Amino acid sequence: MAQRIAIIDFETTGMSPAHGARAAEVGIVLIEGGRIVDRYQSLMNTGQRMPWSITQLTGITNAMLQDAPAADTVMREAAAFVGDAPMVAHNASFDSKFWADELQRLGVPPQQPFACTVLLSRRLYPDAPSHSLGRIVRHLQLPPADKAHRALADAEMTAHLLLRMQADLQQRWHIPDAHHALLQQLQVCQKKHLALLLQRLSQAQTQPQLPGL
């Protein structure tokens, strides 16, 4: 049975919850069986104002946030939407912190493991000129976003990137099932050991298992 994976992106009021920043918008895309199967998106009102510099980047205004649903409502919906699916983000060290912070404010422990398409991109496409989301998407000729720096658009671009990675792992490296735990292995592998790891993973998935004696 194909594994369902949730790809998430946040737009935020700053760089880190540790410095008081909060989420302002969340976009989540579910993939399963090599395709996008569902989407969730919402602005969220945390009571914080959006800095003008981020409004210029994202187009999200304070008026939009004032009219948005409360953050706790959005995060409960988002958590229910994700369920127990493992998660992926482009620069997961950023998005995972906001996911954990917003859930902890509800008293909900974050349990989902994260994989990072930035780390995976650096290993699988080392010759790419950049591993920023927009540039790696262009380099691989994947579908571009309608509105860059909006949560759902960036989550969809990341989903297409992950689907491409899974397809390349299957076609180029003969790994039929690029499941989430395997992606986590790849993203922390030293580049000099990557070819050997890919070979071992391929052999583990493609060689027939002998029945137990």
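Okay, let's start with Ala23, which is buried, with a relative accessible area of 0% (buried means under 20%, exposed over 50%, partly exposed in between, using a 1.4 Å probe and protein chains only). Ala23 sits in strand β2; strands here are DSSP runs of E, at least two residues, helices are runs of H or I, at least four, and both are numbered from the N terminus. So what touches Ala23, leaving aside its neighbours within four places in sequence? Phe10, Glu11, Thr12, Met44, Thr46, Phe98 and Glu102 do, where contact means heavy atoms within 4.5 Å. Asp95 is 72 residues away from Ala23 in sequence, yet their C-alpha atoms are 9.4 Å apart in space.

Quick housekeeping. This is a predicted model, where local features need pLDDT of at least 70 and side-chain atom pairs count only at pLDDT 80 or more, while totals for chains, interfaces and linings use all residues. Residues are numbered from 1 along each chain as its sequence is written, and side-chain values use heavy atoms, leaving out hydrogens and water.

Now, the cores. A nonpolar core is a set of buried Ala, Val, Leu, Ile, Met, Phe, Trp, Tyr and Cys residues joined through side-chain atoms within 4.5 Å. The largest one has 34 residues, and among those with the most contacts inside it are Ile7, Tyr125, Leu161 and Leu186. Elements giving it two or more residues include β1 (5-12), β2 (23-32) and α6 (133-139). Which helix gives the most to this core? That's α7, with eight residues. There's also a second, separate core of 28 residues, which includes Ile8, Ala21, Phe81 and Leu103.

On to helix pairs. The axes of α5 (residues 117-124) and α7 (residues 151-171) come within 11 Å and cross at roughly 40 degrees. Axes are lines fitted to C-alpha atoms, for helices over the stretch in contact, with angles from 0 to 180 degrees between N-to-C directions. That makes α5 and α7 oblique to each other; under 35 degrees would count as roughly parallel, over 145 as roughly antiparallel, 65 to 115 as roughly perpendicular, and the rest as oblique. On the α5 side, Thr117, Leu120, Ser121 and Leu124 meet α7 residues including Leu161 and Leu169.

Then there's α8 with α9: their axes come within 10 Å and cross at roughly 160 degrees. Therefore α8 is roughly antiparallel to α9. Leu182, Gln185 and Leu186 make the contact from α8, and the α9 partners include Leu194 and Gln205.
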